[in-house]
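Please work through each task with the sequence and the model in view before reading its solution.

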Amino acid sequence: MFFASDNWAGAHPLIAERLFQESGGFASAYGTSDLDRKVEDHFRDVFQHDVAVFFVGTGTAANSLALASVTRPGGISFCHDEAHVMADECGAPEFFSGAARLVAVGGAHGKIDPTDLKAKIGRFPPGAVHQGQPTAVTITQASEIGTVYSLDEIEAIAEITRAHNLPLHMDGARFANALVSLDATPADMTWKRGVDILSFGGTKNGCWCAEALVFFKPEMAREMPFLRKRSAQLFSKSRFIAAQFDAYFKGGLWLDLARHANGMADELRAGLSASNRARLAWDTVSNEVFAVVTKDAAKTAEERGAKFYDWPVPAETPDLLGDNEMLIRLVTSFATSKDDVDGLLACLAG
């Protein structure tokens, strides 16, 4: 009963098999192999758009290099106050951007509020050398608390970024989970709604170690080859990242894996809604579920082998917990089974 993180899950067998197939023979290095080029073309097909694609090893690298690629002296990037780039990347976005700053934007349900975004950008008027200059806005899809920006919500933020001539970046560590929850196309959820740069994650959804930076305006990526090399993210045998994506996209596997993970989360949500020792903390639609449980129930579940994280209460819901209650995060993956879900729910039921 592993619900701590989708990072705990292994690799899907078809992806592992594709890596094994690629392990023999020779291919040109540093992203120049035929397989690298093939997968780059596949990204163009998936997004129905000309894109520049750069493979990297981690989501933190993807996010940090995305923001670094558009920063300027005194640069300011705007993100939700609970975004991964703000709370969980150990200053990497600032480090790789040459000390550019992150400014937190408020918003309910883990999503940036457009009104607050306008106000925060307004604190940095053009030419105000003491304050710095805005350089980007980044949103997380799906969010850190399991919610998802609707297509209209993405477009509303993009309208603000366009008005201020700022690029819009999307942290898509759980991109596939968000996509299938919206029943949208990759194009609909990105460039058609105004997204300029995407951190496309595969690691949480069945890959070994596969992330990609996708630029929907290739001319914006002129400096990226140098930024990637300088940050030690130019893999010599990059065909092994490409091989993972090759299997990931084949036959729509990536979407099937995300649908399964989301489906298992739906089972959790339904079971928690019917429990007398646990309740949903808020509505989610991706593969993350947040539950308020009694401390006794959580202890019982852990003693029976369940793995999950206790979670800090968001600032917007200070009165969420009662006496003897705690907030936990439960994350499903492509490897989560119905038996896992039923076992956890049985533990929480007493």
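**Exercise 1.** Determine whether C207 is buried or exposed in this predicted model.

*Solution.* Step one is to take the relative accessible area of C207, which is 3%. Step two is to compare that value with the cut-off: a residue is buried under 20%. C207 is therefore buried.

**Exercise 2.** State how many disulfides a search of the whole structure finds, and explain the result for C209.

*Solution.* C207 takes part in none, and the nearest cysteine sulfur to its own, that of C209, is 9.3 Å away. A disulfide requires sulfur atoms within 2.5 Å. Because the closest cysteine sulfur to that of C209 lies 9.3 Å away, in C207, the two are too far apart for a bond. As to accessibility, C209 is partly exposed, with a relative accessible area of 32%.

**Exercise 3.** Give the strand order of the open sheet formed by 4 strands, and identify the strands at its edges.

*Solution.* The order is β8-β9-β11-β10, with antiparallel pairing. The edges are held by β8 (278-280) and β10 (309-310); each has a single partner strand, so one side of each lacks a neighbour in the sheet.

**Exercise 4.** Describe how β8 pairs with β9, and which helix lies across these strands.

*Solution.* β8 and β9 (residues 288-294) are paired in the antiparallel sense over 3 bridges. R279 has V292 in β9 as its bridge partner. Helix α11 (residues 253-273) lies across β8, β9 and β11 (325-331), and runs at about 25° to β9.

Key: Residues numbered from 1 in each chain as written. Predicted model: local features only at pLDDT ≥ 70, side-chain atom pairs only at ≥ 80, totals over all residues. Heavy atoms only, no water. Buried < 20%, exposed > 50% of the residue type's maximum accessible area, 1.4 Å probe, protein only. Pairing = 2+ DSSP bridges. Helix = DSSP H or I, 4+ residues; strand = E, 2+ residues; numbered from the N terminus. Contact = heavy atoms within 4.5 Å. Axes fitted to C-alpha atoms, helices over the stretch in contact; angles between N-to-C directions.
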